[in-house]
Amino acid sequence: MHAFRQILRIEARLYLRDLPTLLTIVGLPTMILVVLGLIPSLREPDPNFDGQNFVNYFAPSLLVVTLAMVGVNTMPMALATYRERGVLRRLATTPAHPGALLAAQLVVALAAILASALLLIIVGRLAFGVPLPEHPLGFALAFVLGTAALLALGLLVAAVARTTKAAQALAVPLFLLTMFFGGVYLPRFLLPDAVARIGDYTPPGVQALLDAWTGPSPQPLHLAIMAVIAVTAGAGAAKLFRWE
Amino acid sequence: MPVIEVTHLKKRYGDLVAVDDVSLTVEAGEIFGVLGPNGAGKTTTVECVAGLRVPDGGGVSVLGLDPRRDAAQLRQRVGVQLQESQLPDRLRVAEALELYASFYRNPADPAALIDKLGLGEKRNTAYKKLSGGQKQRLSIALALVGNPEIAILDELTTGLDPQARRDTWGLIEQVRDSGVTIVLVTHFMEEAERLCDRIAVIDRGRVVALDTPTGLVSAVAPEQRVRFRPSAPVDDRLLTDLPEVSDVRRTGGQVVVTGTGDLLHAVTSVLARHQIVAADLRLEQSTLDDAFVELTGHRPVD
């Protein structure tokens, strides 16, 4: 536990030291929100979105940006790099377990995701009147499960990829798919209905986030699917993960 | 008193036999070299000693403990420097040492260790900004920060320039003088010859010789050559009659005498008796290089 705390302290420091990446992860969704929010027509109620304005409707998709960047991109890449460069192996020769480093990576990833989400929600509320999530509990649940599902997929990538190049080759398409089905590239009302429905079930489950934020409560099925993905991918990653 | 005992160690990866049959003991306080061509099984052997791999057969005992069963205890008492293991780019020298020191019950003072390893001016430098030699010294420091009784150092000076290599050797001698037993894996003859008290030569997964550097050379390649330019003509028979001499040749004005034992003394004595001065006198002895080639049939790298 002592070693874990020390490693976490150092990993947090290293995370903060990489300022460009940190700013992108934490700040990018809010920046996009601000740009969109400055366009007056996007703040008008629109029947396309059950009478909400576009900014409200699009906010959950902006959450997907950070979740995708951290979950299936920076976190697995960091772990793959640590393994390839022998950082994990070196740790295995000391009284500290390399698992502590993995856990520390997950904690800093979660912290970054949380910071990004809070910033988005707060700026959205204060600057553009985006309402706070209607169902705080449902929203928290959808957010936690969606995050867990994506991080588990990221861990699976880190587990099966032998090199950083291989990890990249897996992470990039996964990232693009997550962003696409999350309605980041094209708002989901522009996507064919079938594609948008697929997006309900791909991590992090943007429909559940939207439902909990602005509409009715999230559907149990959407949440259950995220839980199943999180557990399955997580177990797979635990089984396949190599320290060297 | 042996601190490491390896008996009939075996380790295979699939069809590849990495270690076939290795037995050796390392005594407290010595620098023990593990020498061999690439792929001979050196690294696998020390990884089994370090508890990083499970042997398929044979026994390993370190400080009287089992590297797998007593892993937690041994990690406190054995420092390991692995081949090609790096640190995160943005981690600074002092941070790395303080972090590693925090893992041990009885660590060395990181600041003092940084100074001792000549990294004082680099304590706040990020890992990626260090030179090869500085990275290597940091890596050695990490292996020593837990105040280990045994330090296992794998391919210590690979990739270093000659000056950095010599500095590192000096450092290793200091560490040994402070009472740490050192296991040094290397494929550099010069390094093994300079540093090691005893050397195990490993080839194709087996120990083919185990002795002091001098012992290895004289057992395997005992021939010496004496070259000189005589001040007056020398009759070959003067030299060939000596029991130490096996061969006499002439190249240009030079005489080259090959033999064993105390060859130099025998040759110079006979020349002195005949009032011949030997100019440009040189003694050429076999080196560990020659012994290595004899033992393994491989030409050493570099």
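**Notebook: a predicted two-chain model**

I began with B:Glu155, which I located in the loop between strand E6 (150-154) and helix H6 (162-177) of chain B. Helices (H or I, at least four residues) and strands (E, at least two) are DSSP runs, numbered from the N terminus. I noted that this is a predicted model, in which local features need pLDDT of at least 70 and side-chain atom pairs count only at pLDDT 80 or more, while totals for chains, interfaces and linings use all residues. Residues are numbered from 1 along each chain as its sequence is written, and chains are lettered from A and ligands numbered from 1 in the order in which they are written.

I looked up the backbone of B:Glu155 and found phi near 50°, a positive value in a residue other than glycine. Is B:Glu155 buried, partly exposed or exposed? B:Glu155 is partly exposed, because 19 other C-beta atoms lie within 10 Å. The rule I applied calls a residue buried if 20 or more other C-beta atoms lie within 10 Å of its own, exposed if 12 or fewer, and partly exposed in between, with C-beta atoms placed from the backbone.

I then turned to B:Arg204, in the loop between strand E8 (198-203) and strand E9 (206-211) of chain B. Phi of B:Arg204 is near 45°, again a positive value in a residue other than glycine. B:Arg204 has 16 C-beta neighbours inside 10 Å and therefore counts as partly exposed.

**Chain B as a whole**

I recorded 11 helices and 13 strands in chain B. Its C-alpha atoms fill a box of roughly 75 × 45 × 35 Å along the principal axes. Chain B has 302 residues, of which 41% count as buried. Among contacts in chain B with a separation of 6 or more, 69% join residues 24 or more positions apart. Two residues are in contact if their C-beta atoms, placed from the backbone, lie within 7 Å.

**Helix H11 of chain B**

I placed B:Asp289 in helix H11 (residues 288-296) of chain B. B:Asp289 counts as partly exposed because it has 16 C-beta neighbours inside 10 Å. I also compared B:Asp289 with B:Asn106, 183 residues away along the chain, and found their C-alpha atoms separated by 41 Å.

Helix H8 (residues 213-220) of chain B packs on H11(B) at an angle of about 60°, with the axes 9 Å apart. Axes are lines fitted to C-alpha atoms, for helices over the stretch in contact, and angles run from 0 to 180 degrees between N-to-C directions. H8(B) and H11(B) are therefore oblique to each other. Angles under 35 degrees count as roughly parallel, over 145 as roughly antiparallel, 65 to 115 as roughly perpendicular and the rest as oblique. On H8(B) I listed B:Pro213, B:Leu216, B:Val217 and B:Val220 in this contact, and on H11(B) B:Leu288, B:Ala291, B:Glu294 and B:Leu295. By class, the contact has 7 nonpolar, no polar and 1 charged residues. Ala, Val, Leu, Ile, Met, Phe, Trp, Tyr, Cys and Pro count as nonpolar, Asp, Glu, Lys and Arg as charged, and the others, Gly among them, as polar.

**Where the chains meet**

I found 20 residues of chain B in contact with 17 residues of chain A. Helix H2 (71-77) and helix H3 (93-101) of chain B each supply at least two residues of this side of chain B. The side divides into 12 nonpolar, 4 polar and 4 charged residues.

**Helices of chain A**

Which helix packs with helix H6 (residues 136-160) of chain A? I found helix H10 (residues 220-240) of chain A, whose axis comes within 8 Å of that of H6(A) and crosses it at roughly 25°. That angle makes H6(A) roughly parallel to H10(A). The contact has 19 nonpolar, 3 polar and no charged residues.

I checked H9(A) next and found 9 of its 9 residues buried. These buried residues pack against H3, H6, H8 and H10 of chain A. In the loop between helix H8 (193-201) and helix H9 (206-214) of chain A I located A:Pro204. The peptide bond from A:Pro203 to A:Pro204 is cis, with omega near 5°.
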